[in-house]
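Me: Please take me closely through one residue and its surroundings, and then on to the other parts of the model that you can describe with care. I would like each term to come with its cut-offs.

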Amino acid sequence: MLIFLLLPLLGIAYVAWHVWTLVPLPALWRWLLIAVGVGSFGMMFLNLGRVIDRMPLPLARLVYDVGNSSLFVLLYLVVIFLLLDVARLVHLVPASWLRHNFGTTVVLAVALLAIFLSGNLHYYNKVRQELHFTTGKSLDRGWKVVMLSDLHLGYHNPRKELARWVDLVNAEQPDAVLIAGDIIDMSMRPLVEEDMAAEMRRLQAPVYACLGNHEYYSSEPQAELFYRDAGIHLLRDTAVSVGPLCIIGRDDRTNRQRRPLQELSAMADHQRYTILLDHQPYNLEQAEEQGIDLQFSGHTHHGQVWPISWITQAIYECAFGSHQRGNTHYYVSSGIGIWGGKFRIGTRSEYVVAYISN
């Protein structure tokens, strides 16, 4: 845990030193620029410490957006300055470019603005991912299922944004909607004050969902009440038959006492097409061993921004997209929503439309 606190502090010190030596302004203005950056980053801890829950809602949204966005700006500044330092050491970049240089300062500022503006616009573009699955199991007809993960409803994803997602889902006219956890971001307060449950009730197909780790962060009992008020069928270590489908919902692995998948599989009607909702895509071999037809997960966000996507690819057997083990299919979604800053750089926001047929 200590290293996760130490790394951002080292990053801030590294970036602050470079800003001090690079920006060709009087000392007072450079101190002010660094203070604004450090203050913006500090706002993130007001969010993590739940201090913003006591602020007026518009101010809380601003603090959330500025604080969490600053984490990604810090990441990109560290990467850019590291690349410049390496280039300077191998004599590809003159040292003068990094010392009180107006041209470098302008280029760097424009590049950051372009990266994060395009990342923000890219976030709002929700990609429709279509999947087709065939089965030898008996179906009364072809079934259409919309699958979502990682909505992260809260200060940064308000009811207005949720309404747009609900419209996208309803336009598909699905037989069922499946959500693989993290419907809630960090706090229940904005969901309650904006009555987002009423927006969820506009979905015109039955909704089934499992819990994610953020439901535990936001208070799992309150999250369960929200699911109920929103008309969502919470599948918590249980299975339910829906038409020709059997949907198994696993509790999140945050709960160390969750039941083994073997027990959940024993509850399931394997004569039906079985879909497992498990928020975090760990131990994928378990679904194959239990004869699950399809596992749908989220959680990874595909790293959200590059180069974090490289880290998630190294951690998970499948960090994003389609995967297969034996006869079991998997899809790990990058999510329709997002945590923290609303940027997609090298990744995408998406919703999945799955067709299941013979």
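Reply: Leaving aside residues up to four places away in sequence, R201 touches D229, A230 and G231, where contact means heavy atoms within 4.5 Å. This is a predicted model, in which local features need pLDDT of at least 70 and side-chain atom pairs count only at pLDDT 80 or more, whereas totals for chains, interfaces and linings use all residues. Residues are numbered from 1 along each chain as its sequence is written, and side-chain values use heavy atoms, with hydrogens and water left out.

R201 sits in the loop between helix 7 (196-200) and strand 4 (207-210); helices (H or I, at least four residues) and strands (E, at least two) are DSSP runs, numbered from the N terminus. Its relative accessibility is 45%, so R201 counts as partly exposed, given that buried means under 20% relative accessible area, exposed over 50% and partly exposed in between, with a 1.4 Å probe and protein chains only. R259 is 58 residues from R201 along the chain, and 29 Å separates their C-alpha atoms.

S334 can be described in the same terms. It lies in the loop between strand 11 (328-332) and strand 12 (349-357), and it counts as buried because its relative accessibility is 0%. With residues up to four places away in sequence again left out, S334 touches H301, H302, F320, R344, R348 and E350.

Strand 8 (residues 273-277) is largely enclosed by the rest of the structure, because 5 of its 5 residues are buried. Y273, I275 and L277 point one way from strand 8, while T274 and L276 point the other way. Strand 8 pairs in the parallel sense with strand 7 (residues 245-249) over 5 bridges, pairing being assigned if DSSP finds at least two bridges between two strands. Within that pairing, L276 is the bridge partner of I248. Strand 9 (residues 294-297) also runs parallel to strand 8, to which 3 bridges join it, and there L276 stands opposite Q295.

Strand 7, helix 10 (residues 261-267) and strand 8 together make a right-handed β-α-β unit: with the strands pointing away from the viewer, the path from the first strand over the helix to the second runs clockwise.
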